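Take a walk through this protein model, one region at a time. Keep the sequence and the 3D view side by side as you read.

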Amino acid sequence: MTEKKYILSIDQGTTSSRAILFNHAGEIVSIGQMEHEQIMPKAGWVEHNPIEIRDNVREVIGIALSKADVNRHEIAAVGVTNQRETTVVWDKTTGEPVYNAIVWQDTRTDKIVRELAGDAGNDKYKEVCGLPLATYFSGPKIKWILENVEGAREKAEAGNLLFGNTDTWVIWNLTGGVDGGVHVTDVTNASRTMLMDVRKLEWDAQICADMGVPMSMLPEIRSSSEIYGYGAKNSLIIDTPIAGDLGDQQAATFGQACFEKGMAKNTYGTGCFMLINTGNEAVTSENGLLTTLCYKIGEQEAVYALEGSIAVTGSLVQWVRDQLGLISSAPEIEDLANTVEDNGGVYVVPAFSGLFAPYWKDDARGAIVGLTRYNTKGHIARAVLEATAFQTAEVLEAMNADSGVALAELRVDGGMTANSALMQFQADILGVPVVKPKVAETTALGAAYAAGIAVGFWSGEQDVIDNWQEDKRWVPSMDTAERDRQLRLWKKAVTRTFDWVDEDVR
């Protein structure tokens with residue numbers, strides 16, 4: 001019998017889908033990656049084509065396996081991680097989506113959100129689902145599809161439509177689709193829909209009714225680490241257990257070995273997502289954070305987290321590259337920022353999709369403030385990088401207030417950690433060390449660990465802790481007075497973005 005040497009992780013992200021092969025030491029063996037189209041039919045609307053995502057996932061699996069010269073017999077299990085909240089609704093009899101996937105950044109549901117909130121306000125369901133009413137989450141997106149796609153409501157009421165975030169869509173297709181596909185999600189993804197009771201780990205019938213979502217559409221909620229099904233007969237992973245499922249930010253927290261209460265990580269990607277482990281207790285935030293599931297291993301008790309979600313960080317650099325043309329590639333922004341000593345009084349607040357944590361203002365819009373004739377594109381580049389660090393600092397401030405524990409260090413991962421100037425400024429503005437692991441692909445790694453633990457490839461969390469290794473550490477060097485001044489000016493800049501959208505420009 002062929003030895004099982006690897007775990008295959010599928011990372012279905014906002015801009016691309018990747019398949020990454022990991023060995024027992026948690027090291028990357030090979031990667032397959034394909035980008036998918038960002039569809040923006042109107043201002044504030046962001047969509048993906050679920051069929052393109054499904055086909056890309058199949059292709060990147062082939063790329064990763066062929067690069068490593070590995071076949072399915074050497075793979076112990078498959079883990080899946082995904083862009084959360086991005087909503088797919090499809091016909092279970094044909095396997096065809098009834099509409100494009102509505103992406104987490106999309107703000108078209110702002111009117112639905114306001115109607116649902118009514119006089120009760122945006123915290124109407126927070127005690128049950130841990131989340132404020134916001135365009136970010138899946139529930140209002142499902143409601144929009146059922147109300148705006150011809151025939152969708154009737155099909156849903158007849159029990160013919162299925163919903164899932166992209167983890168559910170990927171797993172359903174990997175396990176056979178219309179031919180026996182498994183319709184499941186895990187607790188972390190379910191906790192991002194607004195439809196799950198975070199303490200009972202069950203779909204909440206009242207919230208579903210309020211949003212007009214038939215419960216027959218919803219996937220079965222499972223743990224983050226168990227066998228859900230097996231690779232379909234016509235796939236490259238036939239009979240291989242699909243055994244891990246975590247939303248991308250929870251997967252990164254798992255891959256960063258943040259298993260102790262009070263440990264936190266920040267992932268720097270399209271957006272920025274900071275999670276702090278709160279143990280087996282679901283803490284309701286008083287400071288604009290989200291109560292979310294961190295992970296659940298098989299039959300073990302669920303572990304919770306508080307999360308600060310920031311909509312625009314890496315995508316701000318893309319905007320500077322693609323829309324403004326100030327740089328021709330993302331890494332150039334560090335060189336441009338280094339042409340000046342400081343931001344020259346310029347602050348960029350990237351409220352392109354409104355403001356997420358800790359403000360939750362969907363009527364905010366982006367602003368560049370503090371400009372004078374003195375300023376150059378170098379100052380703007382520096383302010384663009386610093387915006388990510390400032391937004392993270394505001395989230396950490398809220399976390400410290402909610403948890404009552406001051407963070408000792410921040411573990412970081414994601415593409416922007418390659419930018420040393422940003423990481424140093426992040427340490428300076430937080431006043432705590434920032435630590436990067438040797439394997440930066442912690443999202444895919446976390447899903448791999450969850451899958452591997454489910455099938456005994458790894459024995460448990462201790463193996464993850466043992467594999468984690470520090471690569472680089474940035475220590476704060478800014479004095480307290482300067483840090484306080486910078487944060488004060490940043491907060492002032494943020495207030496300039498409030499209440500920008502009037503009824504006639506929504």
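Asp 110 is buried, with a relative accessible area of 15%. Buried here means under 20% relative accessible area, exposed means over 50%, and partly exposed lies in between (1.4 Å probe, protein chains only). Arg 114 has 31% relative accessibility, so Arg 114 counts as partly exposed. Asp 110 and Arg 114 form a salt bridge, with their closest N and O atoms 3.9 Å apart. A salt bridge is a side-chain nitrogen of Lys or Arg within 4 Å of a carboxyl oxygen of Asp or Glu. Both residues sit in helix H2 (residues 110–117), and because they are four residues apart, about one helical turn separates them. An α-helix has 3.6 residues a turn, so residues three or four places apart point the same way. Helices (H or I, at least four residues) and strands (E, at least two) are DSSP runs, numbered from the N terminus.

This is a predicted model: local features need pLDDT of at least 70, side-chain atom pairs count only at pLDDT 80 or more, and totals for chains, interfaces and linings use all residues. Residues are numbered from 1 along each chain as its sequence is written, and side-chain values use heavy atoms, leaving out hydrogens and water.

Stay with the salt bridges. By this rule the count comes to 27. Lys 491 and Glu 397 make one of them, at 3.2 Å from N to O. Lys 491 counts as partly exposed at 27% relative accessibility. Glu 397 is partly exposed too, at 44%. Another salt bridge joins Glu 409 to Arg 473, whose closest N and O atoms are 3.2 Å apart. Again the pair links distant parts of the chain, 64 residues apart: Glu 409 is in the loop between H12 and E21, and Arg 473 is in strand E23 (residues 470–474). Glu 409 is partly exposed, with a relative accessible area of 24%. Arg 473 is partly exposed as well, at 36%. Salt bridges that share partners also join Arg 84, Glu 85, Arg 192, Asp 248 and Glu 307 into one network.

Asp 248 leads to the next helix. Helix H9 (residues 248–255) is mostly covered, with eight of its eight residues buried. Among them are Asp 248, Phe 254 and Gly 255. Ala 257 follows H9 and has a positive phi, near 60 degrees.

Now turn to the strands. Two strands pair if DSSP finds at least two bridges between them. Strand E5 (residues 75–82) has eight of its eight residues buried, so the rest of the structure largely encloses it. Strand E1 (residues 6–12) runs parallel to E5, joined by seven bridges. Here Asp 11 stands opposite Thr 81. E5 also runs parallel to strand E14 (residues 241–247), through five bridges. There Val 78 stands opposite Ile 242.

Which faces of strand E15 are covered? Both are: Ala 264, Asn 266 and Tyr 268 are buried on one side, Lys 265 and Thr 267 on the other. E15 (residues 264–268) pairs with strand E16 (residues 272–279) in the antiparallel sense, over five bridges. A hairpin of three residues joins the two strands. E15 also runs parallel to strand E21 (residues 410–413), with three bridges. In E21, Asp 413 is the bridge partner of Thr 267.

Gly 414 is in the loop between E21 and helix H13 (420–430). Leaving aside neighbours within four places in sequence, Gly 414 is in contact (heavy atoms within 4.5 Å) with Thr 267, Tyr 268 and Ala 440.

Finish with the nonpolar side chains. A nonpolar core is a set of buried Ala, Val, Leu, Ile, Met, Phe, Trp, Tyr and Cys residues joined through side-chain atoms within 4.5 Å. The largest has 105 residues, and Tyr 136, Leu 195, Met 211 and Met 217 touch the most other members. Helix H12 (residues 377–403) gives the largest share of this core, twelve residues. Leaving aside neighbours within four places in sequence, Met 217 has contacts that include Val 89, Ile 142 and Phe 163.
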